[in-house]
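Reader: Could you walk me through how to read a model like this one? I would like the general idea each time, and then the case at hand.

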Amino acid sequence: ARDKEIAKTVERIATSRNSFKNIRRIRASIGQMDAKIQKGIAQNETIFNDKQLQSSLLKSKEESRIVFGSDKTLEAAYDSVVDEMLRQVKKTGKNNLSSLFQARKNFDQIINKKFQRLFDNLTSDAPRTNAKQRLQRERYGHCVE
């Protein structure tokens, strides 16, 4: 079902019988969309406050409390995710929407690298499982896989 959903999403882009061409077309389309978003942000550039961003991220944590319940390890993992996003924002050196968008892209790359299969199986609790496994590996070494 997931493969069909993906195929339907890209059917207007991936029209070749050659899979490699389709992948290039999809990546090119993503790049074009990214450029449009960046241009739109630059035209409507505004600044933000670090405290507002942190507050918004922590509000999201509060709204997601049911995900980790009373599991303090998962709650700490969530805090680490918020901290990493804020660190990426600080690395850009500016508090405007363009730098926030770049920080988000940098953050996404880090998440993709750390949790390569995060969204492979959306019918499972993969994000929570990945977070637990990652924390176990960091705590107990790579012997827990």
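Reader: Which helix do the buried residues of α2 pack against?

Author: Happy to start there. This is a predicted model, in which local features need pLDDT of at least 70 and side-chain atom pairs count only at pLDDT 80 or more, while totals for chains, interfaces and linings use all residues. Residues are numbered from 1 along each chain as its sequence is written, and side-chain values use heavy atoms, with hydrogens and water left out. Buried means under 20% relative accessible area, exposed over 50%, and partly exposed in between, with a 1.4 Å probe and protein chains only. The buried residues of α2 are Asn22, Ser29 and Ile41, and they pack against α6.

Reader: How many helices and strands are there in the chain?

Author: Helices (H or I, at least four residues) and strands (E, at least two) are DSSP runs, numbered from the N terminus. The chain has seven helices and zero strands. Buried residues account for 21% of its 145 residues.

Reader: Where is confidence lowest, and where is it highest?

Author: For this, look at pLDDT, the predictor's confidence in each residue, from 0 to 100. The chain averages 80, and 80% of the residues score at least 70. Helix α7 (residues 126–140) has the lowest confidence, with a mean of 57, and helix α2 (residues 19–43) the highest, at 90.

Reader: What span does α2 reach from its first C-alpha to its last?

Author: The expected span of a helix is 1.5 Å times one less than its number of residues. With 25 residues, α2 reaches 36 Å, close to the 36 Å expected.

Reader: Which residues make up the largest nonpolar core?

Author: A nonpolar core is a set of buried Ala, Val, Leu, Ile, Met, Phe, Trp, Tyr and Cys residues joined through side-chain atoms within 4.5 Å. The largest one has ten residues: Phe48, Leu53, Val82, Met85, Leu86, Val89, Ala103, Phe107, Ile111 and Phe115. The elements giving two or more residues to this core are α5 (72–92) and α6. Its largest share, four residues, comes from α5. For contacts, the criterion is heavy atoms within 4.5 Å. Leaving out residues up to four places away in sequence, Val89 touches Phe48, Asp50, Leu53, Lys94, Leu100 and Ala103.

Reader: Is Ser99 buried or exposed, and why?

Author: Ser99 counts as buried because its relative accessibility is 8%. Ser99 sits in helix α6 (residues 97–114), and its side chain reaches the backbone oxygen of Lys94 at 2.8 Å. The backbone nitrogen of Ser99, in turn, lies 2.8 Å from a polar atom of the Asn96 side chain.

Reader: Where is Asn96 placed?

Author: Asn96 lies in the loop between α5 and α6. Asn96 also counts as buried, because its relative accessibility is 16%. Not counting residues up to four places away in sequence, Asn96 touches Glu45, Thr46, Ile47 and Phe48.

Reader: Why does Val81 count as partly exposed?

Author: Val81, in helix α5, counts as partly exposed because its relative accessibility is 38%. The C-alpha atoms of Val81 and Ile111 are separated by 9.0 Å, with the two residues 30 apart along the chain.

Definitions and conventions: A polar contact is a pair of N or O atoms within 3.5 Å; within protein, one must be able to donate a hydrogen and the other to accept it, and residues adjacent in sequence count only if both atoms are side-chain atoms.
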